[in-house]
Amino acid sequence: IMNDVVNGYLKRNLPLDVVVLDMEWHSQTQYPDCETFIGIKGWGGDTWNKTLFPDPGDFIAKAHSHDIHVALNFHPDGTIDACQEPYTKLAQALGVDPATKQGLPDLDVSQKNETYCNAHFTTCIEPLHNDIAWTDTAMSTTWSNYLYVRFPALRKNKRTINFSRYT
C-alpha cells in the first residue's frame with residue numbers, strides 16, 4: 001500500500017519529502033502469543049508488520065532512491081518482549097539470558113544507563129533504517145528525545161530530527 005502511495009505522488013509530480021508511519025508499521029503482537037495481531041492494544045514494538053511491509057528494507061530503499069525520508073512512530077514507554085525481533089540481541093547485550101523471555105525495559109525506563117542506551121539503539125532502532133523518529137508517548141522527555149536524535153546523528157554522521165507529541 002505504501003509503495004502505491006509513494007508511486008502516486010511521484011507519478012503526479014507532487015512533492016514528497018517525508019513519509020510518516022504511525023502504528024501500522026509495528027507488528028503489534030504480545031508475548032507469549034507472537035503470531036496473533038492484537039491491534040491497538042499492542043502499542044509500540046520494534047518489529048515491522050510483515051503483512052503490510054513484507055520487505056521493509058526494500059520499502060525504505062525505494063523511498064531513499066527518490067530522496068524521501070522515512071519517519072517511524074515509537075512508543076518507548078513499556079517493555080520489549082520476546083516477540084520483538086531485536087529481543088535476543090538486546091537481552092544478550094544487557095547480559096540477560098534470552099531463554100528467560102523476561103520483558104526488557106524500553107528506553108524511557110533506562111535512559112540514564114549508557115550501556116542500555118547503546119544496546120537499545122544498536123539492536124532495536126538502528127536496524128530499522130528510519131531517518132526520523134517520532135516518540136509518541138507521554139513519558140517522553142527532552143533527554144529521551146535528544147537520544148533519538150543524537151545517537152543516529154553520531155552513527156550516520158548526518159543531522160537527524162525527532163518528532164515528539166509531548167515535549
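This is a predicted model: local features need pLDDT of at least 70, side-chain atom pairs count only at pLDDT 80 or more; totals for chains, interfaces and linings use all residues.
Me: Is Q28 buried or exposed, and what is its phi?
Reply: The cut-off for a buried residue is under 20% relative accessible area. Q28 has a relative accessible area of 5%, so Q28 is buried. Although Q28 is not a glycine, its phi is positive, at about 55 degrees.

Me: Where is K101, and what is its relative accessible area?
Reply: K101 lies in the loop between α3 and β4 (104-105). Its phi is near 60 degrees, a positive value in a residue other than glycine. K101 is partly exposed, with a relative accessible area of 38%.

Me: In what order do the four strands of the open sheet stand, and why is one side of β1 and of β6 left without a neighbour?
Reply: The four strands pair in parallel, in the order β1-β2-β5-β6. β1 (18-21) and β6 (161-164) stand at the edges and each has a single partner strand, so one side of each has no neighbour in the sheet. From one strand to the next, the twist averages 20 degrees.

Me: Which residue of β2 is the bridge partner of V19?
Reply: β1 and β2 run parallel and are joined by four bridges. V19 belongs, with L21, to the covered face of β1, whereas V18 and V20 make up the uncovered one. In a regular strand the side chains alternate between the two faces of the sheet. The bridge partner of V19 in β2 is V70.

Me: Which residue in β6 stands opposite T135?
Reply: Strand β5 (residues 132-135) is joined to β6 by four bridges, and the two run parallel. T135 has its opposite residue in β6. That residue is S164.

Me: Which strands does helix α5 lie across, and at what angle does α5 run to β6?
Reply: Helix α5 comprises residues 142-156. It lies across β2 (69-74), β5 and β6. Relative to β6, α5 runs at about 150 degrees.

Me: Which residues does L72 touch, not counting residues up to four places away in sequence?
Reply: L72 is among the members of the largest nonpolar core that touch the most other members. With residues up to four places away in sequence set aside, L72 touches L21, W25, W48, L128, N130, I132, A133 and W134.

Me: What distance separates the end C-alpha atoms of α4?
Reply: α4 has 12 residues and, at 1.5 Å a residue, should span 16 Å. The expected span is 1.5 Å times one less than the number of residues.

Me: What covers the buried residues of α4?
Reply: At the start of α4, a side-chain oxygen of N113 comes to within 3.0 Å of the backbone nitrogen of T115. The buried residues of α4 are Y116, C117, A119, H120, F121, T123, C124 and I125. Their cover includes β2, β3 (79-80), α3, β4 and α5.

Me: Is N73 buried or exposed, and with which side chain does its own side chain make a polar contact?
Reply: N73 is found in strand β2. Its relative accessible area is 0%, and N73 is therefore buried. Leaving aside neighbours within four places in sequence, N73 is in contact with L21, D22, M23, W25, H26, W134 and D136. The polar contact of its side chain, at 3.4 Å, is with the side chain of H75.

Me: How far apart in space are N73 and D136, C-alpha to C-alpha?
Reply: D136 is among the residues in contact with N73. The two are 63 residues apart in sequence. Their C-alpha separation is 6.4 Å.

Me: Is R159 buried or exposed, and what separates its C-alpha atom from that of I132?
Reply: R159 is found in the loop between α5 and β6. Its relative accessibility is 81%, so R159 counts as exposed. R159 and I132 are 27 residues apart along the chain, and their C-alpha atoms are separated by 10.0 Å.

Note on methods:
Residues are numbered from 1 along each chain as its sequence is written. Side-chain values use heavy atoms; hydrogens and water are left out. Two strands pair if DSSP finds at least two bridges between them. Axes are lines fitted to C-alpha atoms, for helices over the stretch in contact, and angles run from 0 to 180 degrees between N-to-C directions. Contact means heavy atoms within 4.5 Å. A nonpolar core is a set of buried Ala, Val, Leu, Ile, Met, Phe, Trp, Tyr and Cys residues joined through side-chain atoms within 4.5 Å. Buried means under 20% relative accessible area, exposed over 50%, partly exposed in between (1.4 Å probe, protein chains only). A polar contact is a pair of N or O atoms within 3.5 Å; within protein, one must be able to donate a hydrogen and the other to accept it, and residues adjacent in sequence count only if both atoms are side-chain atoms.
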